[in-house]
Amino acid sequence: MTKANNERSRALVEEESAYMAPTARIPYYDMVVDHGRGAKIYDVDGNEYIDLISSASATNVGHCHPQVVKAVCDQAQKLLLYSPAYMYQEPEIKLVEKLCQIAPGDTPKKAVFGTSGSDANDAVMKFARAYTGRPYMVTFQGSYHGSTYGSMSLSGLSLNMVRKMGPLVPGIYHIPYPDSFHQGVDHLSEKEQVDYFMRPLLDMTNMYLPPDEVACVLMEPIAGDMGIIPAPPAYMRALYAWCREHGILFAVDEINQGMGRSGTWWSIEHYGIEPDLMSVGKSIASGLPLSAIVGKADIMDALSFPAHIFTTSGNPVCCAAALATIDVIEKEHLLERGTELGEYARARFQKMVDEHPIAAAVRGCGLNLGVDIMEPGTRTKSAKMALKIVYRAFELGVVIITYADSVLRFQPPLVIERDELDHALDVIDQCIGEVERGEVPDDLVPAGKGW
Ligand SMILES: Cc1ncc(COP(=O)(O)O)c(C=O)c1O
């Protein structure tokens with residue numbers, strides 16, 4: 001199927017351009033989404049697409065899951081908001097308990113809510129500094145943690161995310177992410193790789209950053225925006241042990257990678273490490289504005305009210321959506337489903353990597369895979385070819401975007417049907433082939449699109 005037309009989408013995009021400031025969107029194709037069901041979305045022109053990015057990993061249980069929609073509607077009839085800053089409401093009480101129960105590890109937990117992943121990562125910094133009494137944070141180059149001043153300072157991804165807005169929040173140091181493939185050190189032994197990636201941290205904390213003044217290391221155990229890159233387990237063990245040795249908290253950002261995305265509730269579960277603090281967002285309420293920070297209870301008791309308070313955080317409609325979302329993941333066994341379908345998809349992508357020289361590698365677990373598009377036989381990224389694949393897939397009714405310039409971002413809803421998955425993978429395979437053979441014209445990708 002080739003997309004018939006998108007005239008209405010184009011007209012609406014044009015209409016918006018006069019009023020919407022350009023910073024609010026990373027532009028891909030002119031698509032105005034009208035509605036969605038499961039793994040499918042439909043534009044205002046009536047075209048149907050298979051969604052391979054789940055609204056940026058924010059709708060893991062699928063678009064408009066009936067149980068989530070019902071919970072939202074029922075709660076909306078009762079109460080839209082009474083600010084949790086002053087009063088209690090039942091959905092929030094039930095959700096905070098549930099979140100603490102499903103958080104990794106056995107240590108008693110407490111949590112607080114926010115409205116975006118960004119403010120949850122601000123909270124990591126607040127609680128870590130308050131609990132330890134130490135000023136400094138360590139995060140990773142290439143990471144994305146959000147767009148508020150705190151979380152953009154914690155990030156290290158894009159000049160445009162900080163340009164013209166400094167000074168940023170002080171006291172944050174960035175170290176290289178353990179990405180052996182793109183750093184070209186995957187030929188080294190496991191131990192050599194660990195030494196290689198621990199070295200910048202050790203040098204820094206030997207020379208100019210006293211480790212006993214570091215409050216917290218914050219990381220994504222699987223780096224989403226860098227191209228879905230799981231940190232090597234041996235590195236994670238070494239980093240965690242180093243944090244423990246120096247009394248430094250270890251915090252994980254599960255905003256993109258949590259809520260079943262990698263086949264477990266939280267990506268840190270793949271490493272058997274209990275984090276001290278964890279930020280959650282995106283899919284927690286199936287995309288309604290809700291975030292949370294969950295941490296060991298004594299750490300979360302380190303701040304008194306009103307240190308982290310927002311009028312609309314823990315909104316009852318969002319909390320009802322979150323309770324329903326968690327229930328759906330449990331009752332529909334979506335962790336197991338994501339793991340199984342993820343293994344299947346990974347094998348299919350591996351076949352594409354074996355057959356297509358421009359498909360250089362596939363990484364990840366669960367329905368959470370990154371596929372590198374590179375100049376054949378090299379480690380040179382090809383953003384141009386990756387975008388052509390994305391645009392051609394869109395023509396054929398499959399929505400996918402890129403990460404880190406040239407990595408195809410594969411994060412479909414965990415409820416995707418097997419035939420939908422097969423069809424989408426066939427389309428991606430076809431598009432990679434067409435781009436490789438030079439059959440897709442350059443002008444299919446308008447200038448200035450993508451990251
Ligand atoms: C890992 C990670 N952390 C934080 C954020 C920020 O979340 P939000 O956009 O909800 O503020 C994102 C968003 O893409 C993310 O991927």
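## An exposed lysine and its partner

Lys191 is exposed, at a relative accessible area of 57%, where exposed means over 50%, buried means under 20% and partly exposed lies in between, using a 1.4 Å probe and protein chains only. This is a predicted model, in which local features need pLDDT of at least 70 and side-chain atom pairs count only at pLDDT 80 or more, while totals for chains, interfaces and linings use all residues. Residues are numbered from 1 along each chain as its sequence is written, and side-chain values use heavy atoms, with hydrogens and water left out.

The side chain of Lys191 meets that of Asp195 in a salt bridge of 2.8 Å, N to O; a salt bridge is a side-chain nitrogen of Lys or Arg within 4 Å of a carboxyl oxygen of Asp or Glu. Both residues lie in helix α8, 4 residues apart, which is about one turn of the helix. Helices (H or I, at least four residues) and strands (E, at least two) are DSSP runs, numbered from the N terminus. Asp195 is partly exposed, with a relative accessibility of 39%.

## Salt bridges across the chain

The structure holds 23 salt bridges. In one of them, the side chains of Asp186 and Arg379 meet at 3.0 Å, N to O. This pair links distant parts of the chain, 193 residues apart, since Asp186 sits in the loop between α7 and α8, and Arg379 in the loop between β14 and α13.

Another salt bridge, of 2.8 Å, N to O, is formed by the side chains of Asp426 and Arg348. Asp426 belongs to helix α14 (residues 418-436) and Arg348 to helix α12 (residues 334-355), so the pair ties together parts that are 78 residues apart in sequence. Salt bridges that share partners join Arg348, Arg418, Asp422 and Asp426 into one network.

## A buried glutamate

Glu92, in helix α4 (residues 90-102), is buried yet has no salt bridge, and the nearest side chain of opposite charge, Lys94, is 12 Å away. Leaving aside residues up to four places away in sequence, Glu92 touches Pro84, Phe113, Gly314 and Cys319, contact meaning heavy atoms within 4.5 Å.

## An open sheet

An open sheet with mixed pairing is formed by 4 strands in the order β1-β2-β3-β15, where two strands pair if DSSP finds at least two bridges between them. The edge strands, β1 (33-37) and β15 (398-399), each pair on one side only. Strand β3 (residues 48-51) runs parallel to β15 and is joined to β15 by 2 bridges, and Ile50 stands opposite Val398 in β15.

How values were computed. Lys and Arg count as positive and Asp and Glu as negative; His and the chain ends are not counted.
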